[in-house]
Amino acid sequence: GSCCKQTRIPRSPTMEQVLERVKRNDPQLKSLEFSLSSEAELELQVLGALKSNTVVTRLQLRIPQAGAWLRDVLGELLQANTTLTSLNIFVFNSVHDKVELPLEVLKATTSLLHFKFRQETCPYPALLALAEVFRVNTALLSVDLEKCPLRSEGALALSSVLLVNTTLKRLNLESCGIGPEGVFALAEALKANWSLDMLGLGDNEIGNRGVVALADAL
């Protein structure tokens with residue numbers, strides 16, 4: 001009789017294997033994605049090993065709860081590592097939990113080029129603090145804040161950033177709850193900003209007047 005050839009599905013590498021590859025600078029390991037918490041011992045060891053890694057260029061972290069521990073861990077990593085060019089942080093904690101990022105380190109880093117931050121319940125003061133990072137940082141080429149609750153107030157803060165930042169090429173603000181007032185401010189800033197190539201504003205309440213304002217700014 002005929003027999004069917006079985007295809008074996010490769011198993012995902014364990015965190016022990018990932019840690020070993022990071023430590024030995026595996027040339028094939030250029031991107032890392034994993035969940036992280038303050039109790040995740042192996043994952044925290046991976047971040048520690050990344051300090052001296054010279055291969056990995058992209059890091060994506062899914063974080064159920066963020067606090068001061070995240071600020072310290074990421075701050076130490078970004079200060080030591082100059083190979084990482086892309087950092088994505090997705091936070092899933094509640095609005096009552098304080099989100100702390102290494103803001104001063106992010107302001108000063110010159111190797112990080114792409115930054116994505118997503119937390120649908122992020123407190124407004126934390127978003128304002130992030131906006132200040134983008135005002136000061138002179139290396140970031142793309143920033144993605146999709147689904148962060150910026151609303152028009154946050155868009156106003158980012159419009160002031162666009163008036164002084166001359167290095168940012170892409171800014172994604174899709175699904176950020178931005179209304180017409182915020183769009184008007186961004187449109188005015190675009191008139192004075194010659195470096196931004198892409199501004200994502202999909203799924204916001206920008207209205208017809210907002211569309212016209214953006215068209216006039218282009």
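Trainee: How many bridges join β1 to strand β2?
Mentor: There are 5 bridges between them. β2 covers residues 58-63, and the two strands run parallel. Keep in mind that this is a predicted model.

Trainee: Which residue in β2 stands opposite leucine 32?
Mentor: Leucine 59.

Trainee: What's the strand order in the sheet?
Mentor: The order is β1-β2-β3-β4-β5-β6-β7. These 7 strands make an open sheet, with parallel pairing.

Trainee: And which are the edge strands?
Mentor: They are β1, residues 31-35, and β7, residues 198-200. Each of them pairs on one side only.

Trainee: By how much are neighbouring strands turned against each other?
Mentor: By 5° on average, with direction ignored.

Trainee: New topic: cysteines. How many disulfides are there?
Mentor: The count is 0 disulfides.

Trainee: What about cysteine 176, how far away is the nearest cysteine sulfur?
Mentor: It is 6.0 Å away, and it belongs to cysteine 148. Cysteine 176 is in no disulfide either.

Trainee: Is cysteine 176 buried or exposed?
Mentor: Cysteine 176 counts as buried, because its relative accessibility is 2%. Cysteine 122 is buried as well, with a relative accessible area of 5%. The cut-off for buried is under 20%.

Trainee: Let's look at a helix. Where is leucine 186?
Mentor: Leucine 186 sits in helix α7, which spans residues 180-192. At 0% relative accessibility, leucine 186 counts as buried.

Trainee: Which residues does leucine 186 touch?
Mentor: Leaving out residues up to four places away in sequence, leucine 186 touches Ala155, Leu158, Ser159, Leu162, Leu173, Leu199 and Leu201.

Trainee: How far is leucine 186 from leucine 158, by C-alpha atoms?
Mentor: The C-alpha atoms are separated by 7.5 Å. Along the chain, the two leucines are 28 residues apart.

Trainee: Now the loops. Where is threonine 109?
Mentor: Threonine 109 lies in the loop between α4, residues 103-108, and β4, residues 114-118. Threonine 109 counts as buried, at 8% relative accessibility.

Trainee: What does the side chain of threonine 109 reach?
Mentor: The backbone nitrogen of serine 111, at 3.5 Å. Threonine 109 also touches Asn137 and Ala139, not counting residues up to four places away in sequence.

Trainee: One more thing: what is phi at asparagine 25?
Mentor: It is positive, about 55°, although asparagine 25 is not a glycine. Most residues other than glycine have a negative phi.

Trainee: Where is asparagine 25 found?
Mentor: In the loop between α1, residues 15-23, and β1. Asparagine 25 counts as partly exposed, at 26% relative accessibility.

Trainee: And what about phi of lysine 147?
Mentor: Phi of lysine 147 is near 70°, another positive value in a residue other than glycine. Lysine 147 is in the loop between β5, residues 142-144, and α6, residues 151-162. At 37% relative accessibility, lysine 147 counts as partly exposed.

Trainee: Great, thanks for the tour.

How values were computed. Residues numbered from 1 in each chain as written. Predicted model: local features only at pLDDT ≥ 70, side-chain atom pairs only at ≥ 80, totals over all residues. Heavy atoms only, no water. Disulfide = S-S within 2.5 Å. Buried < 20%, exposed > 50% of the residue type's maximum accessible area, 1.4 Å probe, protein only. Pairing = 2+ DSSP bridges. Helix = DSSP H or I, 4+ residues; strand = E, 2+ residues; numbered from the N terminus. Axes fitted to C-alpha atoms, helices over the stretch in contact; angles between N-to-C directions. Polar contact = N/O pair within 3.5 Å; in protein donor to acceptor, adjacent residues only side chain to side chain. Contact = heavy atoms within 4.5 Å.
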